[in-house]
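Hello,

Here is the structure I promised to hand over. Please have a look, then read on for what turned up in it.

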Amino acid sequence: MTRYFNDFSVGENFVTSRRTLTDYDVEAFCNLTWFNLSMFFDEIYAAEEMPFRGRVLPGPFIISLALGLFLKLGFYERSIIALLGIENMKFKAPLRAGDTMQVNISILNMKESKTYNNRGILSLRFSVYKVMTIAEKELIMAFDMTHMLKKRSSDQGAGNGRQAP
């Protein structure tokens with residue numbers, strides 16, 4: 001169900017579905033993005049020479065998965081215009097193939113676009129968790145993401161939405 005800018009509220013929280021990560025997921029992402037480092041493909045090297053003692057998922061992959069799990073909720077299907085920024089990113093622990101992840105999303109801030117009267121700016125906090133059991137989770141990473149969204153209005157789609165000077 002699409003939600004527009006004015007359908008959200010500061011303080012609102014969402015929880016995504018869970019996803020168990022596979023070796024194929026890691027290999028496909030690494031090959032697609034040229035993250036072809038031994039730490040992602042060589043178990044012996046990763047176990048003996050890396051601090052996490054085994055292969056881990058690349059951080060950019062975790063960010064992509066977190067956003068993908070949020071998009072799966074369907075809120076942005078017809079309302080998202082642009083990603084404006086990612087800030088305050090902190091990694092706390094690794095994820096590995098075989099782990100299950102889930103994301104909590106909180107609406108931090110909302111403001112009207114200064115340039116377009118039919119758009120708004122939505123800031124969200126993504127908290128990514130490794131799920132061990134239904135009741136036990138470990139924070140893996142957190143970041144703030146800002147998006148530009150369409151507003152729900154009666155004149156939506158009329159013109160370019162730019163305010164008259």
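**Aromatic rings and the core**

F35 is partly exposed, with a relative accessible area of 27%. F40 is buried, at 5%. Keep in mind that this is a predicted model.

Why do these two get different labels? Buried means under 20% relative accessible area, and exposed means over 50%. F40, at 5%, is therefore buried. F35, at 27%, falls in between, so F35 counts as partly exposed.

The rings of F35 and F40 also form a pair. This pair is tilted, with 45° between the planes and 6.3 Å centre to centre. The count of aromatic pairs comes to 11. Ring pairs also join F8, F14, F70, F75, Y76, F126 and F143 into a cluster.

R3 places its charged end over the ring of F75, 5.2 Å from the centre. K137 lies over the face of Y129, 5.9 Å from the ring centre.

Now the core. The largest nonpolar core has 34 residues. M101, F126 and V128 have the most contacts inside it. Helices α1 (23-33) and α4 (59-71) each supply at least two residues of this core, as do strands β4 (100-112), β5 (119-131) and β6 (137-150). The most comes from α4, with seven residues.

F126 is worth a look on screen, as a member of both the ring cluster and the core. Beyond its neighbours within four places in sequence, F126 is in contact with A66, L67, F70, V103, N104, I105, M141, A142, F143 and M145.

Best wishes

How values were computed:
Residues are numbered from 1 along each chain as its sequence is written. This is a predicted model: local features need pLDDT of at least 70, side-chain atom pairs count only at pLDDT 80 or more; totals for chains, interfaces and linings use all residues. Side-chain values use heavy atoms; hydrogens and water are left out. Rings of Phe, Tyr and Trp (its six-membered ring) pair if their centres lie within 6.5 Å; planes under 30 degrees apart count as stacked, over 60 as edge-to-face and the rest as tilted. Buried means under 20% relative accessible area, exposed over 50%, partly exposed in between (1.4 Å probe, protein chains only). A charge sits over a ring if NZ of Lys or CZ of Arg is within 6 Å of the ring centre and within 35 degrees of the ring normal. A nonpolar core is a set of buried Ala, Val, Leu, Ile, Met, Phe, Trp, Tyr and Cys residues joined through side-chain atoms within 4.5 Å. Helices (H or I, at least four residues) and strands (E, at least two) are DSSP runs, numbered from the N terminus. Contact means heavy atoms within 4.5 Å.
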